[in-house]
Amino acid sequence: MLADQVGVRSDQVTGRTWGEKGKTPVVRRSGNRFSVNAMSAISTKGRMHFMVFTESFTAEVMCRFPDRLAGHFDHKVHLVVDGHSAHRSRKVRAWLAAHPDTVELHFLTPHSPELNPDELVNADLKHSLPRQHRARDQAELAAETRRFFRRRQRQPHIVRGYFGGPHARYVLDENLMSF
């Protein structure tokens with residue numbers, strides 16, 4: 001499975017608007033800023049697992065994700081991640097050493113986000129969040145984020161499509177992680 005984390009902010013500008021010719025359009029917002037984070041993992045078979053959280057992405061959060069992920073499988077999970085410092089932290093290495101038969105991490109080449117199809121999940125999430133109705137608080141933004149991930153879980157054909165990009169086809173060619 002390939003995994004990545006993403007942050008979503010309440011003041012993120014998405015989509016387009018219109019305005020009278022010669023007048024700059026103004027998009028009204030409350031001015032409140034809040035965010036939520038998420039971590040997801042996808043497989044070539046169209047499976048998706050996720051976790052939405054409000055705290056910063058740290059080694060502690062990273063340890064929670066593979067622990068939850070492993071509960072969904074009866075075999076060892078191979079998780080491909082980027083070089084984020086939380087992924088390489090001492091705490092995560094200790095957790096992995098304590099669970100050698102549960103999860104194994106593999107790292108992508110540094111500075112190559114295009115090799116991770118889960119980056120397309122992040123782009124899809126940010127594009128899919130409601131444009132007209134903006135979340136009024138962190139709980140509402142977290143609920144919208146969870147709704148997106150649950151919807152994608154029920155759409156394995158879309159999850160498989162994330163692997164169709166030219167830079168991600170290597171995963172399908174090798175087909176090493178197809179579960």
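**Helix crossing and salt bridges**

Mentor: The crossing of H1 and H2 is right-handed, meaning that the near helix is turned clockwise from the far one by less than a right angle. This is a predicted model, in which local features need pLDDT of at least 70 and side-chain atom pairs count only at pLDDT 80 or more, while totals for chains, interfaces and linings use all residues. Residues are numbered from 1 along each chain as its sequence is written, and side-chain values use heavy atoms, with hydrogens and water left out.

Trainee: What pattern does the protein chain follow along the sequence?

Mentor: Helices (H or I, at least four residues) and strands (E, at least two) are DSSP runs, numbered from the N terminus. The protein chain has 6 helices and 5 strands. Read along the sequence, they give β-β-β-α-β-α-β-α-α-α-α.

Trainee: At roughly what angle do the axes of H1 and H2 cross?

Mentor: Two packed helices are described by the angle between their axes and the distance between the axes. Axes here are lines fitted to C-alpha atoms, for helices over the stretch in contact, with angles from 0 to 180 degrees between N-to-C directions. The axes of H1 (residues 59–70) and H2 (residues 90–98) come within 8 Å and cross at roughly 25°. Angles under 35 degrees count as roughly parallel, so H1 is roughly parallel to H2, the angle asked for being roughly 25°.

Trainee: Which residues of H2 make the contact with H1?

Mentor: Contact means heavy atoms within 4.5 Å. On the H1 side the contact is made by Ala59, Glu60, Met62, Cys63, Pro66 and Asp67. From H2 come Lys91, Val92 and Trp95.

Trainee: Which side chain meets Lys91 in a salt bridge?

Mentor: A salt bridge is a side-chain nitrogen of Lys or Arg within 4 Å of a carboxyl oxygen of Asp or Glu. For Lys91 the N to O distance is 2.7 Å, and the pair links H2 with H1 across 31 residues.

Trainee: How many salt bridges does the structure hold?

Mentor: One further pair is Glu140 with Arg136, at 3.4 Å, N to O. Glu140 is buried at 18%, whereas Arg136 is exposed at 61%. The total for the structure is 5.

Trainee: What phi does His111 have?

Mentor: His111 lies in the loop between strand S5 (103–107) and helix H3 (118–128). With 81% relative accessibility, His111 counts as exposed. His111 is not a glycine, yet its phi is positive, about 55°.

Notes:
Parallel < 35°, antiparallel > 145°, perpendicular 65-115°, else oblique. Buried < 20%, exposed > 50% of the residue type's maximum accessible area, 1.4 Å probe, protein only.
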